[in-house]
Amino acid sequence: MVYGAVTHVNADPHLVVPGATTTTGMLVEGLCAHASNPRKSMELIVKIIRNLLDYPHDPKFRELRKTNAAIKEHIVDVKPCSQLLRRLGFWEMDDVFRLQASGIRGPEVARIQAAFHEFPELVDLVADLGPAIRAVNLQWSQANGTSTVIPFYQVVPKRIADIRRASEQLAQQEDAELQEALRLSQSETAFLSSGAGGAPSSFHGSASFGGHGFDGLHGRGGGGLGPANLDEEEDAELQEAIRLSRAAAQEDGPFYGGSNGSRCGGSGGGAGSSGSSGSSSAAASSASGGSGAASSASKLQPVEEEEDEDLLEALRLSKMDF
């Protein structure tokens with residue numbers, strides 16, 4: 001195989017490349033945390049890379065069927081693996097991963113190798129990617145001028161088991177925080193529904209606002225601030241005003257009120273008589289100011305006005321409840 005000129009690239013696995021929102025190193029750590037079998041997923045990625053570069057003209061390696069059992073379990077069902085394939089140059093279609101026409105991205109092959117290099121337990125996979133590094137015209141250069149296809153620099157070693165354990169602990173912590181948030185939310189809801197500042201009461205079709213329970217149109221509920229006896233007094237005043245009004249109507253007949261404030265209609269024969277005599281009698285009663293219905297009206301009118309004022313005041317106070 002003929003190799004072209006050597007190219008130097010930034011193969012830092014923690015580099016955020018233009019247009020990306022994560023790094024190759026973070027995706028590899030995510031694979032370790034979430035894959036059912038991280039080792040199998042990594043081996044499959046190495047195999048895909050090697051097949052593409054060892055058999056560059058074989059079209060069957062440029063397309064990966066999602067229905068394939070191994071691809072589905074170790075790639076499709078592991079989101080970080082799918083993202084790694086896309087970074088290598090695969091397009092994710094409905095049913096396949098298809099390599100772009102320009103081929104695999106060499107710098108990303110080097111970054112995957114560098115990410116694996118941080119795990120001593122993956123030393124064999126790092127070595128397996130050596131020929132792929134050479135195939136994409138890359139190499140790891142040392143200060144003394146020598147080069148290699150395997151990373152040589154020292155790293156802080158990582159372990160797959162440690163990453164999985166940390167991921168599980170984080171998930172448990174997040175779940176505990178969520179449960180606590182739900183508990184506090186339920187407690188606040190229960191506090192508000194029982195009436196702030198009042199004694200808790202069961203909900204029977206009445207709402208509680210600011211400690212006052214409202215049942216129907218009048219406050220009757222379990223809040224600690226709404227005196228029920230106030231409503232009872234207002235109801236008693238209203239009933240008494242209605243009783244007095246009816247008593248006055250029965251004693252002196254209906255009061256219609258003329259334009260001059262006089263009573264129109266008497267208590268008996270004047271209203272019930274027929275013909276001109278009835279009309280003249282009613283007119284005479286309205287004109288005379290000394291006796292009869294007009295005299296009775298002048299005596300009762302102030303009382304009725306006072307009763308009307310009591311009735312309106314009672315209605316106004318009753319409406320204030322709601």
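**Exercise 1. In this predicted model, find which residue of E3 is the bridge partner of arginine 65, then place the strands around it.**

Start with the pair itself: arginine 65 has valine 96 as its bridge partner in E3. Next, look at the strands. E1 (residues 63-65) and E3 (residues 96-99) run antiparallel and are joined by three bridges. Now turn to E2 (residues 90-92), which is likewise antiparallel to E3 and linked to it by three bridges. Here tryptophan 91 is partnered with arginine 98.

**Exercise 2. Work out which salt bridges aspartate 162 makes with arginine 165 and arginine 159, and how accessible the residues are.**

First, the distances. Aspartate 162 and arginine 159 meet with N and O 2.9 Å apart, while the closest N and O atoms of aspartate 162 and arginine 165 are 3.0 Å apart. Second, the spacing: aspartate 162 and arginine 165 are about one helical turn apart because they sit three residues apart in helix H8 (residues 160-194). Third, the accessibility. Aspartate 162 has 35% relative accessibility, so it counts as partly exposed; arginine 159 is partly exposed at 45%, and arginine 165 at 43%.

**Exercise 3. Find how far apart arginine 183 and glutamate 180 are, in atoms and along the helix.**

Begin with the atoms: the closest N and O of this salt bridge are 2.7 Å apart. Then count along H8, where arginine 183 and glutamate 180 are three residues apart, about one turn.

Technical notes. Residues are numbered from 1 along each chain as its sequence is written. This is a predicted model: local features need pLDDT of at least 70, side-chain atom pairs count only at pLDDT 80 or more; totals for chains, interfaces and linings use all residues. Side-chain values use heavy atoms; hydrogens and water are left out. Two strands pair if DSSP finds at least two bridges between them. Helices (H or I, at least four residues) and strands (E, at least two) are DSSP runs, numbered from the N terminus. A salt bridge is a side-chain nitrogen of Lys or Arg within 4 Å of a carboxyl oxygen of Asp or Glu. Buried means under 20% relative accessible area, exposed over 50%, partly exposed in between (1.4 Å probe, protein chains only).
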